[in-house]
Amino acid sequence: MSDTQSGAPMLRTPLYDLHVELGAKMVPFAGYAMPVQYPTGIIKEHTHTRSEAGLFDVSHMGQVRLVGPEAAAALETLVPVDIIDLPVGMQRYALFTNESGGVMDDLMVANAGNGSLFVVVNAGCKAQDIAHMQQHLGSRCSVEVLDDRALLALQGPAAGAVMARLAPATAGMIFMNFTTVTLVGVECYISRSGYTGEDGFEISVPADKAEALARELLAQPEVLPIGLGARDSLRLEAGLCLYGHDLDVNTSPVESSLLWALSKPRRADGERPGGYPGAEVIFDHIANGVSRKRVGLLPQARVPVREGAEIVDETGRQVGVVTSGSFGPTLGAPVAMGYVDTALAKPGTALTAIVRGKPIPIEVAKTPFVPQHYYRG
(Lines give C-alpha, C1' and ligand atoms only; values in the text may rest on other atoms or scores of the structure.)
Protein backbone atom coordinates (compact mmCIF):
# COMPACT_ATOMS: atom_id res chain seq x y z
CA MET A 1 0.00 0.00 0.00
CA SER A 2 1.38 3.38 -0.95
CA ASP A 3 0.56 6.51 0.98
CA THR A 4 0.43 8.45 -2.25
CA GLN A 5 -2.64 6.36 -3.02
CA SER A 6 -4.27 6.82 0.38
CA GLY A 7 -3.54 10.55 0.52
CA ALA A 8 -2.21 10.23 4.08
CA PRO A 9 1.18 11.73 4.91
CA MET A 10 3.92 9.18 5.43
CA LEU A 11 4.93 8.56 9.03
CA ARG A 12 8.59 8.65 9.98
CA THR A 13 10.49 6.44 12.40
CA PRO A 14 12.91 8.05 14.89
CA LEU A 15 15.75 7.08 12.52
CA TYR A 16 14.39 8.87 9.43
CA ASP A 17 16.99 11.66 9.49
CA LEU A 18 19.79 9.13 9.96
CA HIS A 19 18.59 7.11 6.97
CA VAL A 20 18.61 10.24 4.81
CA GLU A 21 22.07 11.18 6.10
CA LEU A 22 23.32 7.70 5.14
CA GLY A 23 22.00 8.10 1.60
CA ALA A 24 19.08 5.69 1.83
CA LYS A 25 16.47 5.46 -0.90
CA MET A 26 13.23 6.01 1.01
CA VAL A 27 9.96 4.36 -0.07
CA PRO A 28 6.42 4.09 1.37
CA PHE A 29 5.91 0.92 3.40
CA ALA A 30 3.01 0.20 5.79
CA GLY A 31 2.34 3.93 6.10
CA TYR A 32 5.96 4.85 6.85
CA ALA A 33 8.84 6.29 4.86
CA MET A 34 11.36 3.45 5.08
CA PRO A 35 14.82 2.78 3.61
CA VAL A 36 14.64 0.19 0.82
CA GLN A 37 18.40 0.32 0.24
CA TYR A 38 21.55 2.35 0.87
CA PRO A 39 24.21 3.37 -1.71
CA THR A 40 26.03 0.03 -1.39
CA GLY A 41 22.98 -1.70 -2.92
CA ILE A 42 20.74 -4.62 -2.01
CA ILE A 43 23.13 -7.43 -3.04
CA LYS A 44 25.99 -6.01 -0.94
CA GLU A 45 23.66 -5.43 2.01
CA HIS A 46 22.35 -8.99 1.76
CA THR A 47 25.79 -10.61 1.56
CA HIS A 48 27.17 -8.39 4.34
CA THR A 49 24.37 -9.52 6.67
CA ARG A 50 25.16 -13.16 5.87
CA SER A 51 28.91 -12.66 6.51
CA GLU A 52 29.17 -9.87 9.13
CA ALA A 53 26.30 -7.91 10.72
CA GLY A 54 23.54 -5.67 9.40
CA LEU A 55 21.44 -3.08 11.23
CA PHE A 56 17.75 -2.81 10.34
CA ASP A 57 15.25 -0.16 11.41
CA VAL A 58 12.01 -1.99 12.24
CA SER A 59 10.52 0.81 14.34
CA HIS A 60 7.41 0.82 12.17
CA MET A 61 6.30 -2.40 13.86
CA GLY A 62 3.91 -2.31 16.79
CA GLN A 63 5.10 -2.85 20.36
CA VAL A 64 2.61 -3.66 23.12
CA ARG A 65 2.93 -4.69 26.77
CA LEU A 66 0.21 -6.83 28.38
CA VAL A 67 0.30 -6.53 32.16
CA GLY A 68 -1.54 -8.41 34.88
CA PRO A 69 -1.83 -11.85 36.47
CA GLU A 70 -4.29 -12.96 33.76
CA ALA A 71 -2.30 -11.61 30.79
CA ALA A 72 -1.02 -15.01 29.60
CA ALA A 73 -4.38 -16.78 30.00
CA ALA A 74 -6.13 -13.87 28.28
CA LEU A 75 -3.78 -13.89 25.30
CA GLU A 76 -4.36 -17.63 24.88
CA THR A 77 -7.95 -16.81 23.93
CA LEU A 78 -6.63 -15.20 20.73
CA VAL A 79 -3.71 -17.45 19.71
CA PRO A 80 -3.21 -21.23 19.19
CA VAL A 81 -0.02 -21.04 21.21
CA ASP A 82 1.10 -21.98 24.74
CA ILE A 83 1.55 -18.65 26.53
CA ILE A 84 0.73 -19.75 30.09
CA ASP A 85 3.79 -21.99 30.29
CA LEU A 86 6.13 -19.65 28.40
CA PRO A 87 9.10 -19.29 30.77
CA VAL A 88 10.22 -15.90 31.99
CA GLY A 89 12.94 -14.62 29.69
CA MET A 90 11.72 -16.57 26.64
CA GLN A 91 10.00 -15.46 23.45
CA ARG A 92 7.64 -17.43 21.17
CA TYR A 93 6.22 -17.05 17.66
CA ALA A 94 2.42 -16.75 17.66
CA LEU A 95 -0.54 -16.16 15.34
CA PHE A 96 -3.77 -14.22 15.69
CA THR A 97 -6.49 -16.33 14.06
CA ASN A 98 -10.01 -15.48 12.93
CA GLU A 99 -13.25 -17.47 13.20
CA SER A 100 -12.61 -19.25 9.90
CA GLY A 101 -9.14 -20.38 11.03
CA GLY A 102 -7.33 -17.83 8.89
CA VAL A 103 -4.31 -15.84 10.05
CA MET A 104 -4.96 -12.20 11.03
CA ASP A 105 -1.28 -11.58 11.75
CA ASP A 106 1.84 -13.28 13.00
CA LEU A 107 3.62 -11.88 16.03
CA MET A 108 6.26 -12.42 18.69
CA VAL A 109 5.41 -12.78 22.38
CA ALA A 110 7.95 -12.64 25.21
CA ASN A 111 7.47 -13.31 28.92
CA ALA A 112 9.12 -10.22 30.40
CA GLY A 113 8.50 -11.31 34.00
CA ASN A 114 6.50 -9.62 36.76
CA GLY A 115 3.23 -10.60 35.11
CA SER A 116 3.96 -8.82 31.84
CA LEU A 117 4.18 -9.94 28.21
CA PHE A 118 6.01 -8.01 25.49
CA VAL A 119 4.31 -8.32 22.10
CA VAL A 120 5.58 -7.22 18.66
CA VAL A 121 3.13 -7.14 15.74
CA ASN A 122 3.52 -6.32 12.05
CA ALA A 123 3.43 -2.70 10.94
CA GLY A 124 0.62 -3.11 8.42
CA CYS A 125 -1.59 -4.87 10.99
CA LYS A 126 -0.75 -2.98 14.17
CA ALA A 127 -3.84 -0.74 14.35
CA GLN A 128 -6.07 -3.79 13.82
CA ASP A 129 -4.06 -5.93 16.25
CA ILE A 130 -4.02 -3.31 19.00
CA ALA A 131 -7.79 -2.83 18.68
CA HIS A 132 -8.22 -6.64 18.71
CA MET A 133 -6.22 -6.93 21.95
CA GLN A 134 -7.94 -3.96 23.58
CA GLN A 135 -11.38 -5.35 22.75
CA HIS A 136 -10.76 -8.94 23.80
CA LEU A 137 -8.11 -8.62 26.52
CA GLY A 138 -8.73 -5.19 28.01
CA SER A 139 -11.07 -6.46 30.72
CA ARG A 140 -8.52 -9.03 31.95
CA CYS A 141 -5.19 -7.21 31.67
CA SER A 142 -3.69 -3.85 30.85
CA VAL A 143 -2.96 -3.33 27.15
CA GLU A 144 -0.18 -0.74 26.94
CA VAL A 145 0.80 0.52 23.48
CA LEU A 146 4.51 1.36 23.52
CA ASP A 147 4.47 4.02 20.82
CA ASP A 148 7.33 5.85 22.54
CA ARG A 149 9.83 3.10 21.64
CA ALA A 150 11.79 2.30 18.51
CA LEU A 151 12.87 -1.18 17.38
CA LEU A 152 16.24 -2.08 15.84
CA ALA A 153 17.42 -5.45 14.56
CA LEU A 154 21.09 -6.45 14.45
CA GLN A 155 21.52 -9.54 12.30
CA GLY A 156 24.40 -11.69 11.12
CA PRO A 157 27.18 -13.98 12.36
CA ALA A 158 29.06 -11.07 13.97
CA ALA A 159 25.97 -9.83 15.86
CA GLY A 160 26.81 -11.80 19.00
CA ALA A 161 30.31 -10.35 19.26
CA VAL A 162 29.04 -6.81 18.64
CA MET A 163 26.33 -7.05 21.30
CA ALA A 164 28.66 -8.70 23.84
CA ARG A 165 31.01 -5.73 23.37
CA LEU A 166 28.25 -3.21 24.14
CA ALA A 167 26.18 -5.23 26.62
CA PRO A 168 28.21 -8.14 28.09
CA ALA A 169 25.09 -9.76 29.60
CA THR A 170 23.87 -10.65 26.10
CA ALA A 171 26.74 -13.13 25.63
CA GLY A 172 24.84 -15.74 27.64
CA MET A 173 21.65 -15.44 25.59
CA ILE A 174 20.55 -18.15 23.16
CA PHE A 175 17.93 -18.15 20.40
CA MET A 176 14.56 -16.78 21.60
CA ASN A 177 15.90 -15.56 24.95
CA PHE A 178 14.55 -12.18 26.11
CA THR A 179 15.96 -9.83 28.71
CA THR A 180 16.50 -6.20 29.70
CA VAL A 181 19.88 -4.50 29.25
CA THR A 182 21.26 -0.99 29.46
CA LEU A 183 22.42 0.53 26.17
CA VAL A 184 23.24 4.22 25.55
CA GLY A 185 22.33 4.80 29.20
CA VAL A 186 18.71 3.60 28.98
CA GLU A 187 16.75 0.40 29.59
CA CYS A 188 16.28 -1.66 26.44
CA TYR A 189 14.34 -4.88 25.87
CA ILE A 190 16.35 -7.33 23.81
CA SER A 191 15.64 -10.73 22.30
CA ARG A 192 18.03 -13.05 20.48
CA SER A 193 15.92 -13.43 17.38
CA GLY A 194 15.30 -11.91 13.98
CA TYR A 195 13.99 -12.27 10.46
CA THR A 196 17.02 -13.28 8.39
CA GLY A 197 17.81 -16.86 9.41
CA GLU A 198 21.04 -15.61 10.98
CA ASP A 199 22.02 -15.13 14.61
CA GLY A 200 20.96 -11.72 15.82
CA PHE A 201 19.07 -9.49 18.21
CA GLU A 202 16.00 -7.28 18.21
CA ILE A 203 16.29 -4.27 20.50
CA SER A 204 13.43 -2.12 21.79
CA VAL A 205 14.81 1.27 22.80
CA PRO A 206 13.15 4.55 23.92
CA ALA A 207 12.48 6.56 20.74
CA ASP A 208 14.55 9.54 21.87
CA LYS A 209 17.62 7.30 22.21
CA ALA A 210 17.16 5.30 19.01
CA GLU A 211 19.50 7.39 16.89
CA ALA A 212 22.23 7.30 19.55
CA LEU A 213 21.95 3.50 19.71
CA ALA A 214 21.93 3.15 15.93
CA ARG A 215 25.05 5.31 15.65
CA GLU A 216 26.80 3.29 18.35
CA LEU A 217 26.00 0.05 16.54
CA LEU A 218 27.04 1.45 13.15
CA ALA A 219 30.34 2.58 14.68
CA GLN A 220 31.26 -1.07 15.16
CA PRO A 221 33.49 -2.25 12.28
CA GLU A 222 31.30 -5.28 11.47
CA VAL A 223 28.03 -3.34 11.08
CA LEU A 224 26.43 -1.74 8.02
CA PRO A 225 22.91 -0.29 7.62
CA ILE A 226 20.52 -2.58 5.74
CA GLY A 227 17.23 -1.69 4.01
CA LEU A 228 13.92 -3.39 3.29
CA GLY A 229 15.12 -4.84 -0.03
CA ALA A 230 17.76 -7.05 1.59
CA ARG A 231 15.44 -7.75 4.51
CA ASP A 232 13.02 -9.34 2.05
CA SER A 233 15.62 -11.41 0.17
CA LEU A 234 17.17 -12.57 3.46
CA ARG A 235 13.84 -13.70 4.96
CA LEU A 236 12.83 -15.42 1.72
CA GLU A 237 16.07 -17.43 1.57
CA ALA A 238 15.41 -18.38 5.20
CA GLY A 239 11.92 -19.64 4.28
CA LEU A 240 10.17 -17.13 6.56
CA CYS A 241 6.66 -15.88 5.84
CA LEU A 242 5.70 -12.29 5.06
CA TYR A 243 2.24 -11.38 6.32
CA GLY A 244 -0.16 -10.26 3.62
CA HIS A 245 1.74 -12.32 1.06
CA ASP A 246 2.50 -15.83 2.36
CA LEU A 247 -0.05 -15.53 5.20
CA ASP A 248 -3.53 -14.01 5.13
CA VAL A 249 -7.00 -14.15 6.64
CA ASN A 250 -8.16 -16.80 4.17
CA THR A 251 -5.34 -19.26 4.88
CA SER A 252 -4.99 -21.44 7.98
CA PRO A 253 -1.71 -22.15 9.78
CA VAL A 254 -1.92 -25.77 8.57
CA GLU A 255 -2.21 -24.67 4.93
CA SER A 256 0.66 -22.25 5.63
CA SER A 257 2.93 -25.14 6.76
CA LEU A 258 3.09 -23.62 10.24
CA LEU A 259 1.94 -26.71 12.13
CA TRP A 260 5.13 -26.42 14.22
CA ALA A 261 3.83 -23.11 15.59
CA LEU A 262 0.61 -24.66 16.95
CA SER A 263 1.61 -25.60 20.49
CA LYS A 264 0.75 -29.17 21.50
CA PRO A 265 -1.07 -28.13 24.73
CA ARG A 266 -3.51 -26.11 22.58
CA ARG A 267 -4.30 -28.87 20.08
CA ALA A 268 -7.39 -31.10 20.22
CA ASP A 269 -5.65 -33.71 22.39
CA GLY A 270 -3.70 -31.19 24.48
CA GLU A 271 -4.06 -29.93 28.04
CA ARG A 272 -5.81 -26.69 27.01
CA PRO A 273 -7.39 -27.46 23.64
CA GLY A 274 -8.93 -24.71 21.57
CA GLY A 275 -10.49 -21.65 23.10
CA TYR A 276 -9.19 -19.34 20.36
CA PRO A 277 -10.92 -18.14 17.15
CA GLY A 278 -11.19 -20.78 14.44
CA ALA A 279 -9.94 -23.61 16.65
CA GLU A 280 -12.40 -26.18 15.29
CA VAL A 281 -11.46 -25.37 11.69
CA ILE A 282 -7.78 -25.72 12.52
CA PHE A 283 -8.38 -28.98 14.40
CA ASP A 284 -10.18 -30.31 11.31
CA HIS A 285 -7.26 -29.28 9.08
CA ILE A 286 -4.80 -31.04 11.39
CA ALA A 287 -6.90 -34.22 11.55
CA ASN A 288 -8.11 -34.46 7.95
CA GLY A 289 -5.53 -32.56 5.93
CA VAL A 290 -5.84 -29.58 3.61
CA SER A 291 -6.20 -29.20 -0.14
CA ARG A 292 -3.24 -26.84 -0.58
CA LYS A 293 0.01 -26.12 1.21
CA ARG A 294 2.75 -23.50 1.28
CA VAL A 295 5.96 -24.79 -0.28
CA GLY A 296 9.37 -23.57 -1.35
CA LEU A 297 9.89 -23.19 -5.08
CA LEU A 298 13.13 -23.16 -7.08
CA PRO A 299 12.84 -21.70 -10.59
CA GLN A 300 14.90 -23.78 -13.00
CA ALA A 301 15.99 -20.69 -14.94
CA ARG A 302 17.66 -17.39 -14.11
CA VAL A 303 14.31 -15.61 -14.29
CA PRO A 304 12.85 -14.50 -10.92
CA VAL A 305 9.31 -15.75 -10.40
CA ARG A 306 7.37 -13.03 -8.59
CA GLU A 307 4.28 -12.88 -6.39
CA GLY A 308 1.05 -13.53 -8.26
CA ALA A 309 2.50 -15.85 -10.91
CA GLU A 310 0.22 -18.79 -11.66
CA ILE A 311 1.56 -22.29 -11.11
CA VAL A 312 0.35 -24.97 -13.54
CA ASP A 313 0.90 -28.71 -13.94
CA GLU A 314 1.97 -30.55 -17.09
CA THR A 315 -1.56 -30.34 -18.50
CA GLY A 316 -1.70 -26.56 -18.07
CA ARG A 317 -4.19 -26.75 -15.20
CA GLN A 318 -3.64 -24.11 -12.52
CA VAL A 319 -2.54 -25.87 -9.32
CA GLY A 320 -1.23 -22.95 -7.29
CA VAL A 321 0.10 -19.42 -7.03
CA VAL A 322 3.39 -17.77 -6.09
CA THR A 323 3.17 -15.59 -2.96
CA SER A 324 6.81 -14.41 -2.65
CA GLY A 325 9.65 -14.45 -5.14
CA SER A 326 13.04 -12.84 -5.59
CA PHE A 327 16.66 -13.50 -6.44
CA GLY A 328 18.53 -15.24 -3.63
CA PRO A 329 22.02 -13.71 -3.51
CA THR A 330 23.40 -16.34 -1.12
CA LEU A 331 22.00 -19.18 -3.18
CA GLY A 332 22.99 -17.45 -6.40
CA ALA A 333 19.63 -18.27 -7.97
CA PRO A 334 15.97 -17.21 -7.91
CA VAL A 335 13.85 -18.45 -5.00
CA ALA A 336 10.13 -18.33 -4.33
CA MET A 337 7.35 -19.57 -2.08
CA GLY A 338 3.75 -20.26 -2.89
CA TYR A 339 0.74 -22.52 -2.48
CA VAL A 340 0.16 -25.69 -4.49
CA ASP A 341 -2.31 -28.56 -4.37
CA THR A 342 -1.27 -30.84 -1.50
CA ALA A 343 -0.82 -33.78 -3.84
CA LEU A 344 1.94 -31.76 -5.57
CA ALA A 345 3.66 -30.44 -2.44
CA LYS A 346 6.39 -33.10 -2.27
CA PRO A 347 9.94 -31.71 -2.73
CA GLY A 348 11.25 -32.47 -6.20
CA THR A 349 7.86 -32.14 -7.91
CA ALA A 350 8.26 -30.42 -11.30
CA LEU A 351 5.75 -27.68 -12.11
CA THR A 352 5.59 -24.55 -14.25
CA ALA A 353 5.16 -20.89 -13.35
CA ILE A 354 3.68 -18.48 -15.87
CA VAL A 355 5.79 -15.30 -15.92
CA ARG A 356 4.59 -12.54 -18.25
CA GLY A 357 2.87 -15.18 -20.34
CA LYS A 358 5.94 -17.41 -20.60
CA PRO A 359 6.33 -20.84 -18.93
CA ILE A 360 9.22 -21.08 -16.44
CA PRO A 361 10.05 -24.56 -15.06
CA ILE A 362 10.00 -24.64 -11.24
CA GLU A 363 10.60 -27.37 -8.68
CA VAL A 364 9.02 -27.77 -5.26
CA ALA A 365 11.77 -27.53 -2.63
CA LYS A 366 12.29 -27.73 1.10
CA THR A 367 12.82 -24.51 3.03
CA PRO A 368 14.96 -22.85 4.21
CA PHE A 369 16.83 -22.42 0.95
CA VAL A 370 20.02 -21.58 2.86
CA PRO A 371 20.90 -23.02 6.29
CA GLN A 372 19.66 -21.12 9.34
CA HIS A 373 22.28 -20.10 11.89
CA TYR A 374 20.29 -19.28 15.02
CA TYR A 375 22.50 -19.36 18.09
CA ARG A 376 21.36 -22.20 20.34
CA GLY A 377 24.43 -22.34 22.58
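Tutor: A nonpolar core is a set of buried Ala, Val, Leu, Ile, Met, Phe, Trp, Tyr and Cys residues joined through side-chain atoms within 4.5 Å. Keep that in mind as we go through this predicted model.

Student: Which residues have the most contacts inside the largest nonpolar core?

Tutor: Here is the general idea: in soluble globular proteins, nonpolar side chains tend to be buried together. In this structure the largest core has 27 residues, and Leu-154, Met-163, Leu-183, Ile-203 and Leu-217 have the most contacts inside it. At least two core residues come from each of strands S4 (53-57), S10 (149-155), S11 (178-183), S12 (186-191) and S13 (200-206), and likewise from helices H6 and H7 (210-218).

Student: Which residues of helix H6 are buried?

Tutor: An α-helix has 3.6 residues a turn, so residues three or four places apart point the same way. In H6 (residues 159-166), the buried ones are Ala-159, Gly-160, Val-162, Met-163 and Leu-166. Their arc around the axis is only 165 degrees, which puts them on the same side of H6.

Student: In what order do the three strands of the open sheet stand?

Tutor: Strands of a sheet pair through backbone hydrogen bonds, either parallel or antiparallel. Here the order is S1-S3-S2, with mixed pairing. S1 (11-12) and S2 (25-29) are the edge strands, each with a single partner, so one side of each has no neighbour in the sheet. S1 and S3 (residues 32-37) run parallel, joined by two bridges, and Leu-11 stands opposite Tyr-32 in S3.

Note on methods: Residues are numbered from 1 along each chain as its sequence is written. This is a predicted model: local features need pLDDT of at least 70, side-chain atom pairs count only at pLDDT 80 or more; totals for chains, interfaces and linings use all residues. Side-chain values use heavy atoms; hydrogens and water are left out. Two strands pair if DSSP finds at least two bridges between them. Helices (H or I, at least four residues) and strands (E, at least two) are DSSP runs, numbered from the N terminus. Buried means under 20% relative accessible area, exposed over 50%, partly exposed in between (1.4 Å probe, protein chains only). The arc is that of the directions from the helix axis to the C-beta atoms.
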